Amino acid sequence: MNNDINVLYFINENEDSFLEAFKSPEFKLRQANHLSQLSSIAENFSLSEMNSTILIEVEPENLHNTIHTAKTIKNNWYTRNLIIIFLLTKHDSKIINMAIEMGINDCYINPFPYDDLKERIRFLNTFSILKSQISNMPAIPKKEFRIPVLKRVTDVIISAVALIFLSPLFLIVAILIKLDSKGSIFYTSKRVGTGYKIFNFYKFRTMRSGADKEVSNLLQNNQYGNAAFFKLQNDPRVTKLGNFLRNTSIDELPQLLNILIGEMCLVGNRPLPLYEAELLTTNEWSSRFLGPAGLTGLWQITKRGKKDMSEIERKQLDNYYADNFSLYMDVKIILKTFPALIQKEKV
């Protein structure tokens, strides 16, 4: 069996470090001198090369051409299943979100963790081969999570009643946000919930306008380190009013609307931003998405507000809830949520 991994790459700025990291004979490298060459080379791959991985260094000045090239490859029936990984010279959440929507397999940000990158390529390469081998097997019924009827009825009643009674508070908070800083009242972002379904997630705005664009400058202070989740202690982007709204969890109340329309539940695993969810696709951690997405959950009542919370602990709590949730557990979590609402740490 041939264990060689074919890698077609277009890299300018970081080519020397890339070649040094990939000098192992396991990887058969082929360079494209121009972005436009990538699609033409891929179109002429032999059948034995169709498990190749394409690495594209994405610089701000070549973004348009990069997107065009990737779409050309993805829209071609012959090359659409090739593995494509973006190597971003600068962090840009918009590019990451765009890449996910296009079907790009992964994104890495400079400085590139080459050991992780090589392991990811090995996994995707092996998965691609296995996928082709089982394509002719009988179809397996798709497992789809369905919210239990009693849980859904409870969510609808509680969220509807809460929205009615909290409407005066919503109005007061909206006025205070407008007085406190420039920008919209609500913060809306794309989140990934049950079954990797993407929906609009609502919160009261607690950060200054343009806060998403500042992430790249704050990555070194990530509470979880170089991990899937991104969280800062004493986040400098948070407004004075935002600190109060976060510490009292008032900023989360607009998600009652998400619950009412069925995108979330009162209790479940927190829906994740696209760039975080993309990093939790391995069998070990993806089971968190087989349970309900929720306003409050197991990790909030056990670790929320504690700066020593690790990424592994949070993943384990999410997986445990997805595998073991029940109405009894939900009631216990809701009762324990109220004491946990007031955070001790600014995280």
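**Close-up views of a predicted model**

**View 1. The largest nonpolar core.** In this predicted model, the largest nonpolar core has 25 residues, and Leu-38, Ile-54 and Phe-86 are the ones with the most contacts inside it. Which elements give two or more residues to this core? They are strand 1, helix 2 (35-43), strand 3 (53-58), helix 3 (63-74), strand 4 (83-88) and helix 4 (93-102). As a general rule, nonpolar side chains in soluble globular proteins tend to be buried together.

**View 2. Zooming in on Leu-38.** Here's who Leu-38 touches once you set aside its neighbours within four places in sequence: Leu-8, Tyr-9, Phe-10, Ala-32, Ile-54, Ile-56, Thr-69 and Ile-73. There's also a second, separate core, made of 23 residues, and among them are Phe-201, Leu-245, Met-264 and Val-267.

**View 3. Strands 1 and 2, side by side.** Strand 1 (residues 5-10) and strand 2 (residues 27-31) run parallel, joined by 5 bridges. If you want a spot to start looking, find Asn-6, which stands opposite Lys-28 in strand 2. How does the chain get from strand 1 to strand 2? It crosses through helix 1 (residues 15-21), in a β-α-β crossover that is right-handed.

**View 4. Helix 7 and what it packs against.** Helix 7 (residues 240-247) has these buried residues: Leu-241, Gly-242, Leu-245, Arg-246 and Asn-247. What do they pack against? The partners are helix 6 (149-180) and strand 7 (198-204).

View 5. Is Ser-249 buried or exposed? Its relative accessible area is 10%, so Ser-249 counts as buried, the cut-off being under 20%.

**View 6. A cis peptide bond at Pro-111.** Look at the link between Asn-110 and Pro-111: this peptide bond is cis, with omega at about 5 degrees. Pro-111 itself lies in the loop between strand 5 (106-109) and helix 5 (114-133).

View 7. How many disulfides does the structure hold? The count is 0. Cys-107 is buried, with a relative accessible area of 16%. Cys-265 is buried too, and its relative accessible area is 1%.

Definitions and conventions:
Residues numbered from 1 in each chain as written. Predicted model: local features only at pLDDT ≥ 70, side-chain atom pairs only at ≥ 80, totals over all residues. Heavy atoms only, no water. Pairing = 2+ DSSP bridges. Helix = DSSP H or I, 4+ residues; strand = E, 2+ residues; numbered from the N terminus. Right-handed = clockwise from strand over helix to strand, strands pointing away. Buried < 20%, exposed > 50% of the residue type's maximum accessible area, 1.4 Å probe, protein only. Contact = heavy atoms within 4.5 Å. Core = buried A, V, L, I, M, F, W, Y, C linked by side-chain atoms within 4.5 Å. Disulfide = S-S within 2.5 Å.
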